[in-house]
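Trainee: I would be grateful for a close look at a single part of this assembly, followed by its setting in the chains.

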Number of protein chains: 4
Amino acid sequence: MPAIQEHPLHLEAKVRKDAQNRLLSAKGHLEGILKMLEGDPYCVDVLKQISAVQGALDKVGSIVLRSHLEHHVASAAQRGDTDKMVDELMEVLKYR
Amino acid sequence: MPAIQEHPLHLEAKVRKDAQNRLLSAKGHLEGILKMLEGDPYCVDVLKQISAVQGALDKVGSIVLRSHLEHHVASAAQRGDTDKMVDELMEVLKYR
Amino acid sequence: MPAIQEHPLHLEAKVRKDAQNRLLSAKGHLEGILKMLEGDPYCVDVLKQISAVQGALDKVGSIVLRSHLEHHVASAAQRGDTDKMVDELMEVLKYR
Amino acid sequence: MPAIQEHPLHLEAKVRKDAQNRLLSAKGHLEGILKMLEGDPYCVDVLKQISAVQGALDKVGSIVLRSHLEHHVASAAQRGDTDKMVDELMEVLKYR
């Protein structure tokens, strides 16, 4: 698993808290799917629940992304690290 | 959370086991992100880890979908429930 | 460009007509973006128009997919070509 | 179709040229699918060609997005329009 990295640009505290709550909820949902799989579920019901968790993770991703754009990308020209910021952002957006 | 539904078309045992293992691993990954958020992480590192979990869930979804197509959709004409099977499948694929 | 392939399983005539109309409309939209690019457009306006064309193509894809599921995949067990049908379908869905 | 909008932030000339070439090629591909549909194609072949055009449009979108991030979003804090830039970008990314 990822080590906690030191970085001059941190995730804003409020956004971090929101992301934590949403990820905790996604984890609970995932546990529900695991419980569902102890029974004899119908494939489509499993697929629907997986989609629901994906939707919740999309939402967390959007919240973190918005904060990153606001607090870090928008000020890249001021800091002089535009190329680095854009490269890593494009890399991350590829998988969205 | 979803109740375990009785259904004549069940998820194949081998696929269910595989899905369980992969979801357990995704849950561990999610716990890693939660731990990461107790520190002061960089937004992009959080986004990368969320993408990784999404990728794992996509993979579980693909495995369940393939099994569903093979064991249930391909035999829909024989059972005479093609319309129902296709409707619910299209609904699920919308969110992929 | 793709050669027209002979295949025992054809796209249903009504769906083919619908797909043709929608693709013609998408082509017109694409020509509109090309015209837009002869001027001096704002990036976000270009991105919005590209998304709109993508949405139109998604819709054509969904219509063709639904017809394929109904007329070809649902009867795979009867024809005895389930493995082939599922393999090629999973391949196509990967890129959706 | 979209009117050509006056905007202080234009798409960079080099990127505009690249986008034009790629969109022209996507248009040619779309015309190929339309020709394919005059025959009696197999659904999966149509789906594959639609995916190929989608991939080409994704690529154009990425090129325009990268240019927008570099030339307009990264300097938003300097111009003082961060909120506006981030709002419209998040809106566009929703549909990616």
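**A buried alanine and its surroundings**

Mentor: D:Ala26 belongs to helix H1 of chain D, which covers residues 13-36; helices here are DSSP runs of H or I with at least four residues, strands are runs of E with at least two, and both are numbered from the N terminus. This is a predicted model, in which local features need pLDDT of at least 70, side-chain atom pairs count only at pLDDT 80 or more, and totals for chains, interfaces and linings use all residues. Residues are numbered from 1 along each chain as its sequence is written, chains are lettered from A and ligands numbered from 1 in the order in which they are written, and side-chain values use heavy atoms, with hydrogens and water left out.

The relative accessibility of D:Ala26 is 2%, so the residue counts as buried (under 20% relative accessible area, with exposed over 50% and partly exposed in between, for a 1.4 Å probe and protein chains only). Beyond the neighbours within four places in sequence, D:Ala26 is in contact with D:Val53, D:Ala56 and D:Leu57, and also with C:Leu30; contact means heavy atoms within 4.5 Å. D:Ser62, 36 residues from D:Ala26 in sequence, is 15 Å from D:Ala26 in space, C-alpha to C-alpha.

A second residue, C:Glu88, lies in helix H4 of chain C, residues 82-94. C:Glu88 is likewise buried, with a relative accessible area of 15%. Its contacts, leaving aside neighbours within four places in sequence, are C:His68, D:Tyr42 and D:Val44. C:Lys59 is 29 residues from C:Glu88 in sequence, and the two C-alpha atoms are 20 Å apart.

Chain A may be considered next. It holds four helices and zero strands, in the order α-α-α-α from the N terminus. Its radius of gyration is 17 Å, whereas a compact globule of 96 residues would have one near 12 Å; the radius is taken over C-alpha atoms, and the globule rule is 2.2 Å times the number of residues to the power 0.38. The C-alpha trace of chain A spans about 55 × 25 × 20 Å along its principal axes, and 54% of the 96 residues of chain A count as buried. Among contacts in chain A with a separation of 6 or more, 56% join residues 24 or more positions apart.
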